[in-house]
Amino acid sequence: INFSAVSCVFNTNIPLLPYIAAFNGILFWMLAANILTPAFQNSRVIAFISKNTWSIMMHHITAFFIVNIIWILLYQMGWKIPFDTQQFFYNQYYMCLPNEYMKVVYAAFGIIVPLAGKYGYDKLRLKVGM
């Protein structure tokens, strides 16, 4: 069964499949969180991530855009990258994926860049006295 909830492409005749998949995914991550909680209960990094999930979800597309800007600069400098400039300008969700491992880079940037921005914002607020 092939479907993509992100792209809203459902090549199936089972209309409840996305809901079943979402339910299974949520159940899986709740179980994983339940198992991992004792190991990371006092982690400052995990606490910072969990307190700033809104920032991550709000700004991860901007982080993907930054990765794409890096790719397009390398592409314009002459690097042999399969970068599709037209897709970059017309598709906000475009990702240059010369291999499957680049998904990890996008995911890491999608988490690290928003958290770094939030950290900097919090430090600036403390310095200014807001």
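Predicted model: local features only at pLDDT ≥ 70, side-chain atom pairs only at ≥ 80, totals over all residues.
I count helices (H or I, at least four residues) and strands (E, at least two) as DSSP runs, numbered from the N terminus. I number residues from 1 along each chain as its sequence is written, and I use heavy atoms for side-chain values, with hydrogens and water left out.

**Entry: overall layout**

I looked up the secondary structure and found five helices and two strands. Read from the N terminus, the order is β-β-α-α-α-α-α.

I then checked the overall dimensions. The radius of gyration, taken over C-alpha atoms, has a globule rule of 2.2 Å times the number of residues to the power 0.38. For 130 residues a compact globule would come near 14 Å, but this chain has 19 Å. The C-alpha trace spans about 45 × 45 × 25 Å along its principal axes.

Next I looked up burial. I call a residue buried under 20% relative accessible area, exposed over 50% and partly exposed in between (1.4 Å probe, protein chains only). Of the 130 residues, 17% count as buried.

For accessible areas I used the Shrake-Rupley method with a 1.4 Å probe; for residues, only the protein chains shown count as cover. The accessible surface of the chain is about 10500 Å², and carbon and sulfur atoms hold 68% of that.

I take contact to mean heavy atoms within 4.5 Å. Among contacts between residues at least 6 apart in sequence, 47% join residues at least 24 apart.

**Entry: nonpolar patch**

I build patches from residues with over 30% relative accessible area and no salt bridge, joining like charges within 9 Å and nonpolar side chains (Val, Leu, Ile, Met, Phe, Trp, Tyr) within 5 Å. A salt bridge is a side-chain nitrogen of Lys or Arg within 4 Å of a carboxyl oxygen of Asp or Glu.

Leu31, Ile35, Leu36, Phe40 and Ile46 make up a nonpolar surface patch, with about 480 Å² of accessible area together. Helix α1 (residues 17-40) gives the most to this patch, with four residues. Leu31 is in helix α1 and counts as exposed because its relative accessibility is 51%.

Met95 and Leu31, 64 residues apart along the chain, are separated by 30 Å. Ser55 and Ile35, 20 residues apart along the chain, are separated by 25 Å.

**Entry: aromatic rings**

I pair rings of Phe, Tyr and Trp (its six-membered ring) if their centres lie within 6.5 Å; planes under 30 degrees apart are stacked, over 60 edge-to-face and the rest tilted. This rule gives eight aromatic pairs.

Tyr75 is partly exposed at 35% relative accessible area. Phe83 is buried at 5%, and Phe88 is buried at 11%. Ring pairs link Phe65, Tyr75, Phe83, Phe88, Phe89 and Tyr94 into a cluster.

Which residues does Asn68 contact, leaving aside its neighbours within four places in sequence? I found Phe83, Phe88, Tyr94, Met95, Cys96 and Tyr106. Asn68 sits in helix α3 (residues 53-76) and is buried, with a relative accessible area of 4%.

Met95 is in the loop between α4 (85-90) and α5 (102-128). Not counting residues up to four places away in sequence, Met95 touches Asn68 and Tyr106.

Ser55 is also found in helix α3, and at 8% relative accessibility Ser55 counts as buried. Leaving aside neighbours within four places in sequence, Ser55 contacts Pro114 and Lys118.

**Entry: salt bridges**

I count two salt bridges by the rule above. Glu100 pairs with Lys103, with the closest N and O atoms 3.0 Å apart. Glu100 is exposed at 55% relative accessibility, and Lys103 is partly exposed at 41%.

Lys118 and Asp122 form a salt bridge at 2.8 Å, N to O. Lys118 and Asp122 are separated by about one helical turn because they are four residues apart in helix α5. Lys118 is partly exposed at 21% relative accessible area, and Asp122 is partly exposed at 25%.
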